[in-house]
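This report goes through one structure from its overall make-up to individual residues. The sequence and the coordinates come first.

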Amino acid sequence: MTCTETSMDALRQAGDDLADAVVAELFERGEVGKFNTLMRYVSTAGAPLPDGLPDVAREYLQATSVPPAWVDWGEMEKARLFFIDNNVHISTALSFASMPACYVVPHIAKLLSATHGLSYPSKRMAETGQFTVYLMQPDAFEAGSRFLPAAQKVRLLHASIRHHLKRENRWDTAAMGTPICQEDMIGGQMFFSLLVLDSLHRLGIHMSVEGAEAYFYAWRVVGAILGIDQDAAPKTLEEARQFLDLYMVRHMGPSEEGAHLTRQLIDLYEEVVPGTLFDPIVSALIRYLIGDTCADWLQVPRTRWDTLVKTVPHLLGVLETIEDRSPLGAWALDRLGHLTSIFELSSLTRGRVMHYAVPEQLKKDFGVSGPLRRTHRWTPPATTMS
């Protein structure tokens with residue numbers, strides 16, 4: 001697969017036909033509120049669907065209740081072991097690299113700002129944290145898991161945002177293509193897969209090629225469940241690199257919404273860190289993992305920890321040595337990673353279960369006076385040959 005400007009432009013025109021049709025019918029029949037109420041009782045895979053669920057929703061949930069038939073479960077087992085071995089590191093990368101990377105894409109930042117109320121500004125982070133923790137559970141794709149129903153709901157959430165933006169003329173479709181298009185969905189998949197692997201490498205985490213490929217494969221499966229066209233999505237790490245590089249050059253840049261979302265992210269995690277002495281490590285980790293250019297665009301503050309955080313790979317190297325040499329140490333660190341993730345999820349959600357409801361309307365303060373339009377593309381500075 002070769003990514004080009006032309007192929008990427010084509011992906012901007014495509015949404016998710018299945019989910020879009022379901023959402024359109026729910027709104028047409030006035031059944032969104034009923035659907036949201038009943039879907040609060042749909043939280044585990046394989047559980048009976050509630051009576052009274054709209055027919056179109058019931059058909060959708062049944063059609064998307066199992067992973068794709070092509071899934072290699074041997075590869076997924078490798079991914080599960082990779083999750084266990086790197087639990088806390090993956091959570092760190094997702095929180096301090098993947099999420100900020102979303103905010104570096106201005107139109108994505110505007111969308112995220114548009115879909116959550118001011119009364120709970122960290123809702124997006126809480127939903128994402130819960131989703132990824134569900135994914136990293138050993139039974140994520142089995143009956144009784146919470147991941148599959150969450151994925152089904154997130155897919156409809158994306159479709160509902162497309163529905164609102166088009167219906168309310170709040171998106172410049174002619175210039176921008178479809179909101180939450182295939183290009184953006186694949187880009188998001190790259191943020192949560194390839195960018196995580198890049199961050200683990202930057203943190204000095206030792207990974208086998210086999211483990212990294214399995215982790216990437218798991219997110220390919222997730223992407224398929226979320227409605228990403230697998231004929232268009234990268235299938236190898238090499239293809240993923242090509243896609244992500246071109247996607248970021250096409251779209252990344254500064255925005256008011258991106259800086260605001262990043263400030264919310266920093267504030268949220270500073271609340272998680274005990275006391276105030278270590279608060280600056282949150283900003284320092286973000287800057288270290290996404291680089292100074294992106295961090296400056298997002299107005300990530302510079303702190304005295306910016307230099308100290310560079311020693312993190314050495315500390316993690318010591319912990320990995322303990323893990324390699326001691327079975328008890330390995331068990332203790334894996335358990336610590338699991339408990340850390342659970343604590344982080346509890347802090348993010350504030351003890352709530354996030355239900356990924358289909359919004360009946362978007363925020364009124366969308367941040368633009370009229371349709372959202374394409375901003376000027378950032379271009380890398382020219383290099384001078386001496």
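## Confidence

This is a predicted model, with a mean pLDDT of 79 over the protein. A pLDDT of 70 or more is reached by 74% of the residues. In the stretch 117-121 the value is below 50, and the model gives this stretch 10 contacts beyond near neighbours in sequence.

Residues 345-353 also have pLDDT under 50. For this segment the model has 21 contacts beyond four places in sequence. Where pLDDT is low, the predicted coordinates should not be read in detail.

## Overall make-up

The protein has 20 helices and zero strands. Of its 386 residues, 56% are buried. Among contacts with a separation of 6 or more, 79% are between residues 24 or more positions apart.

Helix α4 spans residues 55-63, and its buried residues are Val56, Ala57, Tyr60 and Leu61. These residues lie on the same side of α4, because they cover an arc of only 130° around the axis. An α-helix has 3.6 residues a turn, so residues three or four places apart point the same way. The opposite face of α4, turned away from the buried side, carries the exposed residues Asp55, Glu59 and Ala63.

What do the buried residues of α4 pack against? Their partners are α2 (17-28), α3 (32-39) and α9. In α3, the buried residues are Val32, Phe35, Asn36, Leu38 and Met39. Those residues of α3 pack against α2, α4 and α9.

Ser145 sits in the loop between α8 (123-135) and α9 (147-167). Its relative accessibility is 2%, so Ser145 counts as buried. Ser43 is 102 residues away from Ser145 along the chain, yet their C-alpha atoms are separated by 8.1 Å. Ser43 is also one of the residues in contact with Ser145 once neighbours within four places are set aside; the others are Thr44, Ala45, Asp139 and Ala140.

Val222 belongs to helix α13, which covers residues 209-225. With a relative accessibility of 1%, Val222 counts as buried. Leaving out residues up to four places away in sequence, Val222 touches Phe131, Leu135 and Phe147. Pro68 is 154 residues from Val222 in sequence, with a C-alpha to C-alpha distance of 9.6 Å.

## Second largest pocket

Rolling a probe the size of a water molecule over the atoms shows where empty space is left. The second largest pocket has a volume of about 390 Å³. Its lining comprises 18 residues, and Leu195, Met248, Met252, Ile290 and Cys294 are those nearest the centre.

Which helices each supply at least two residues of this lining? They are α12 (194-202), α14 (237-251), α16 (280-290) and α17 (292-297). By residue class, the lining of the second largest pocket consists of 11 nonpolar, three polar and four charged residues.

## Positive phi angles

Ile180 is not a glycine, but has a positive phi of about 45°. This residue is placed in the loop between α10 (173-176) and α11 (182-192). Is Ile180 buried or exposed? Its relative accessibility is 11%, so Ile180 counts as buried.

Gln299 is another residue other than glycine with a positive phi, here near 60°. Gln299 lies in the loop between α17 and α18 (305-308). Gln299 counts as exposed because its relative accessibility is 61%.

## Arg302 and its contacts

Arg302 is likewise found in the loop between α17 and α18. Its relative accessible area is 54%, so Arg302 is exposed. Which residues does Arg302 touch, not counting those up to four places away in sequence? They are Arg287, Asp292 and Asp296. Arg287 is 15 residues from Arg302 in sequence, and the C-alpha to C-alpha distance between them is 8.1 Å.

Notes. Residues numbered from 1 in each chain as written. Predicted model: local features only at pLDDT ≥ 70, side-chain atom pairs only at ≥ 80, totals over all residues. Heavy atoms only, no water. Helix = DSSP H or I, 4+ residues; strand = E, 2+ residues; numbered from the N terminus. Buried < 20%, exposed > 50% of the residue type's maximum accessible area, 1.4 Å probe, protein only. Contact = heavy atoms within 4.5 Å. Arc of directions from axis to C-beta. 1 Å grid on protein atoms, 1.4 Å probe; cavity = no way out; pocket = protein on both sides within 12 Å on 5 of 7 lines; lining within 4 Å. Points joined across faces, edges and corners; volume = space filled by probe spheres on them. Nonpolar A, V, L, I, M, F, W, Y, C, P; charged D, E, K, R; others polar. pLDDT = per-residue confidence, 0-100.
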